[in-house]
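This report describes selected features of one model. It takes up a helix, a sheet and several individual residues in turn.

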Amino acid sequence: MAVTNTVNEAPLAADRAIAADAELLSAQLQAMRERLFAPASNKVLRKFSSSEAAKLIGVSDSYLRQLSIAGEGPQPETGTAGRRLYTLEDINALRHLLTEQNAKNRNYLPWRDAQRGEHLQILAVTNFKGGSGKTTTTTHLAQHLALSGLRVLAVDLDPQASMSALFGYQPELDLTGNDTLYGAIRYDEAQRPLRDIIRKTYFDGLDLVPGNLELQEFEHTTPRVLAERRGPATDMFFTRVQAALQSVADDYDVVVIDCPPQLGFLTLSALCAATSVIVTVHPQMLDVASMSQFLFMTSDLLSVVREAGGTLNFDFLRYLITRYEPNDGPQAQIAGFLRAQFGDRVLTAPMVKSTAVSDAGLTKQTLYEVGRENFSRVTYDRAMESLTAVNGEIEALIHSAWNRTGKGAKV
């Protein structure tokens with residue numbers, strides 16, 4: 001097969017045409033990144049106002065001011081008109097300070113306590129069909145949990161690496177090989193510890209395992225290993241992601257996995273490692289029909305895994321309605337249909353479709369990274385209200401899985 005752009009061009013082999021387009025697009029993306037994040041091409045999280053910082057910590061703005069005047073904790077930067085600005089590192093340092101001063105109140109620093117039986121929460125976000133907002137949901141959730149004070153590991157298990165891009169990586173340039181989760185779950189001697197693969201991000205308390213096309217190698221090598229039946233039964237493919245994550249369990253409270261949009265060995269491995277699952281659903285009939293097939297296939301494959309010795313116990317399984325347009329009658333009907341079928345397994349809050357989220361995505365940013373001043377206030381507030389409701393609901397489910405009740409006293 002040959003490809004031509006105009007009648008005057010000589011035929012070009014399809015693989016070379018695609019390779020040329022890929023190289024051109026990669027170069028342009030790199031140039032765009034350097035313009036957006038020059039000179040070091042590194043993303044930096046914005047600073048937070050004193051009122052935002054106080055809300056994140058769970059204290060009043062006046063109390064935060066008192067701490068600053070008393071010289072306790074990190075001192076905020078003073079901006080225009082005397083505005084006090086805090087970095088996320090400052091906010092987390094204040095959480096530690098308040099926890100030391102109020103030992104009985106665990107809400108300032110909500111890290112899990114393994115001695116109380118609070119296990120590592122591994123949350124897989126998945127969908128069989130692309131375009132459901134899966135990656136946007138996963139990234140915003142990971143950032144929300146980090147802003148709440150939890151220690152979070154975000155794992156990009158999708159070879160397309162969209163979540164890695166949102167965190168400022170250009171996979172084909174920034175990753176040189178064996179830099180994804182595949183490096184920790186591969187079957188040969190090149191396997192390396194997950195701890196060596198994890199990268200810090202510009203979000204304090206949020207680390208990343210980036211993704212790229214090498215993840216697809218797991219889909220290719222696993223059938224061959226299964227055919228050869230080498231290694232002990234305890235070393236089956238579905239145990240490898242779980243084992244890798246458990247090797248760093250002491251460092252984190254929550255792992256959030258962005259699964260590939262297909263039901264392969266990577267997705268199955270993530271589901272076997274997961275303690276909880278979020279299935280994103282775009283409220284269109286074709287998407288719901290696709291989800292039905294996804295659930296049938298997942299059930300069949302997981303039953304095989306269970307019979308092979310896999311442990312499949314979820315703290316919770318929830319369906320999240322995404323890209324929801326409240327004024328769209330057919331979408332409202334589909335949302336109602338899903339709630340009628342699944343009841344409280346559908347999250348109460350939907351993720352509302354918003355131009356604020358898509359506009360932020362143009363510069364590879366999330367809504368948590370851009371200030372309110374960059375948007376129409378109504379648009380921004382509506383989108384942020386939706387994000388807060390969805391992510392707050394999932395956060396509450398995580399705390400419930402840890403048998404935590406109540407929020408405790410606030411200053």
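## Helix 5 and its end

In this predicted model, helix 5 comprises the 14 residues 134-147, which at 1.5 Å a residue should span 20 Å; the C-alpha atoms at its ends are 20 Å apart, so the expectation and the model agree. Most of helix 5 is covered, with 13 of its 14 residues buried. Just after helix 5, glycine 149 adopts a positive phi of about 105°.

An open sheet is formed by seven strands in the order 8-9-7-10-6-11-12, with mixed pairing. Its edges are strand 8 (199-200) and strand 12, each of which pairs on one side only. Arginine 199 has leucine 208 of strand 9 as its bridge partner.

Strand 10 is mostly covered, and five of its five residues are buried. The burial involves both faces: Val254, Val256 and Asp258 lie on one side, Val255 and Ile257 on the other, and all are buried. Strand 10 is joined to strand 6 by five bridges, and the two run parallel. Strand 7 (residues 152-156) also pairs with strand 10 in the parallel sense, over five bridges. Which residue of strand 10 is the bridge partner of leucine 123? The partner is valine 256. Valine 256 is likewise the bridge partner of alanine 154.

Most residues other than glycine have a negative phi. Two non-glycine residues with a positive value are described here. Arginine 323, with a phi of about 50°, is located in the loop between strand 12 (316-321) and helix 13 (329-342). Asparagine 403, whose phi is near 60°, belongs to the segment after helix 15.

Arginine 404 is also placed in the segment after helix 15 (377-401). A polar atom of its side chain lies 3.1 Å from the backbone oxygen of proline 110.

Aspartate 344 is found in the loop between helix 13 and helix 14 (355-361). Although aspartate 344 and arginine 318 are 26 residues apart along the chain, their C-alpha atoms are separated by 8.1 Å.

| Residue | Relative accessible area | Class |
|---|---|---|
| Arginine 404 | 17% | buried |
| Arginine 323 | 32% | partly exposed |
| Aspartate 344 | 64% | exposed |
| Asparagine 403 | 69% | exposed |

The classes follow from two cut-offs, because buried means under 20% relative accessible area and exposed means over 50%, with partly exposed in between. Arginine 404, at 17%, is therefore buried, whereas arginine 323, at 32%, is partly exposed. Aspartate 344 counts as exposed because its relative accessibility is 64%, and asparagine 403 is exposed with a value of 69%.

Key: Residues numbered from 1 in each chain as written. Predicted model: local features only at pLDDT ≥ 70, side-chain atom pairs only at ≥ 80, totals over all residues. Heavy atoms only, no water. Helix = DSSP H or I, 4+ residues; strand = E, 2+ residues; numbered from the N terminus. Expected span 1.5 Å × (residues − 1). Buried < 20%, exposed > 50% of the residue type's maximum accessible area, 1.4 Å probe, protein only. Polar contact = N/O pair within 3.5 Å; in protein donor to acceptor, adjacent residues only side chain to side chain. Pairing = 2+ DSSP bridges.
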